[in-house]
Amino acid sequence: MTAKISAAIVGLSVMLPCAAQDGRRLDPTETEVWAAEPRGVVPGASAGAPSDAIVLFDGKDLREWGPAASPANPADWVVAGGVFSVRPRSGDIQTRRLFTDYQLHLEWRVPASLSGSGQARGNSGLFLASTGVDSGYELQILDCAGNKTYANGQAASIYKQHIPLVNACAAAGEWQTYDVIWTAPRFSADGALVSPAYVTALHNGVLVQNHVALRGESVYAGKPSYRRHGPAPIKLQDHGDAVSFRNIWVRPL
Ligand code: MG
């Protein structure tokens with residue numbers, strides 16, 4: 001806000017009548033919050049990581065990742081040219097760190113040359129919290145430029161739960177971005193769901209999921225349900241296609 005506009009607003013607030021319903025004159029300073037000043041964060045260049053982000057892939061190696069089936073081992077997906085790619089049929093990989101609520105940025109690219117169709121065309125997935133091998137909450141990654149599939153399984157869907165608001169896909173072979181706000185579910189000590197998971201997601205800068213509540217973990221068949229869990233890894237899916245990734249960072253909230 002410029003000083004000029006700010007001064008104008010300050011002047012306006014002085015001029016406005018501040019009468020309460022009970023006739024008491026309201027003091028606008030009573031509702032000003034000064035104690036909690038948001039800390040400064042330096043935005044990254046273009047889609048680069050902000051100053052307080054945890055970088056999960058910086059173009060060099062997969063030290064932040066391990067196989068979902070054996071997390072202590074090194075992840076053996078293919079790293080080359082500043083990006084990494086699924087090594088088909090080697091299995092999913094997941095972060096070594098555990099997260100609860102966070103903001104995430106991730107860039108993905110399906111191969112320019114694809115032979116399959118529907119779910120067999122550039123399929124991967126961003127599991128916002130992994131609860132074990134082949135389980136968790138999946139934001140779908142899939143070629144979606146002219147590739148017909150069920151709407152709640154296309155790219156940017158919360159798999160089998162929430163259809164994206166729009167199709168913001170780029171062509172196969174082009175880099176695409178996901179920016180996600182993840183609010184983890186909360187459970188009571190006896191495992192009962194206290195509050196569901198929420199997802200807000202932007203695909204290529206376009207809002208595709210607007211604070212949607214999840215009904216449970218993503219499942220291929222049947223109805224989703226919750227199982228109690230705490231802080232969890234973020235997981236990337238090996239669905240047999242050589243999908244690539246770059247510039248991944250996360251800000252725990
Ligand atoms: Mg998938």
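Q: How much of the protein is buried?
A: In this predicted model, buried residues account for 43% of the 253 residues.

Q: What helices and strands does the protein have?
A: The protein contains one helix and 15 strands.

Q: And what does the C-alpha trace span along its principal axes?
A: The span of the C-alpha trace is about 70 × 45 × 35 Å. The protein exposes about 13,300 Å², of which carbon and sulfur atoms supply 57%.

Q: What share of the contacts comes from residues 24 or more positions apart?
A: Among contacts with a separation of 6 or more, such residues account for 64%.

Q: Let us turn to the metal. Which residues coordinate the magnesium ion?
A: The magnesium ion is coordinated by N123 through OD1, S124 through O, E138 through OE, Q140 through OE1 and Q237 through OE1, at 2.2 to 2.3 Å.

Q: How are those donor residues spaced in sequence?
A: The spacing is N-S-x13-E-x1-Q-x96-Q.

Q: Where is N123 placed?
A: N123 lies in the loop between strand 6 and strand 7.

Q: Why does N123 count as buried?
A: Its relative accessibility is 1%, and N123 is therefore buried, because the term applies to values under 20%.

Q: Are E138 and Q140 buried or exposed?
A: Both E138 and Q140 are buried.

Q: Which residues is N123 in contact with, leaving aside its neighbours within four places in sequence?
A: Among them are E138, Q140 and Q237, which also coordinate the magnesium ion.

Q: Is strand 8 buried or exposed, then?
A: Seven of the seven residues of strand 8 are buried, so strand 8 is largely enclosed by the rest of the structure.

Q: How many bridges join strand 7 and strand 8?
A: The two strands pair over six bridges, in the antiparallel sense. The bridge partner of F127 is E138 in strand 8, and L126 stands opposite L139 in strand 8.

Q: What lies between these two strands?
A: Strand 7 and strand 8 form a hairpin with two residues between them. In the turn, D134 has a positive phi of about 60°.

Q: One last topic: which residues of the largest nonpolar core touch the most other members?
A: Of its 47 residues, these are L126, W182, L236, F245 and I248. Several strands each supply at least two residues of this core, including strand 1, strand 7, strand 8 and strand 15. The largest share, four residues, comes from strand 6.

Q: What is F245 in contact with, leaving aside its neighbours within four places in sequence?
A: Its contacts include F57, W77, F84, L106, W108, I141, W175 and L236. S124 is also one of the contacts of F245, and S124 coordinates the magnesium ion through O.

Methods:
Residues numbered from 1 in each chain as written. Predicted model: local features only at pLDDT ≥ 70, side-chain atom pairs only at ≥ 80, totals over all residues. Heavy atoms only, no water. Donors = N, O, S within 2.8 Å, 3.2 Å for Na, K, Ca; no water. Buried < 20%, exposed > 50% of the residue type's maximum accessible area, 1.4 Å probe, protein only. Core = buried A, V, L, I, M, F, W, Y, C linked by side-chain atoms within 4.5 Å. Contact = heavy atoms within 4.5 Å. Pairing = 2+ DSSP bridges. Areas by Shrake-Rupley, 256 points an atom, 1.4 Å probe, with all protein chains shown as cover.
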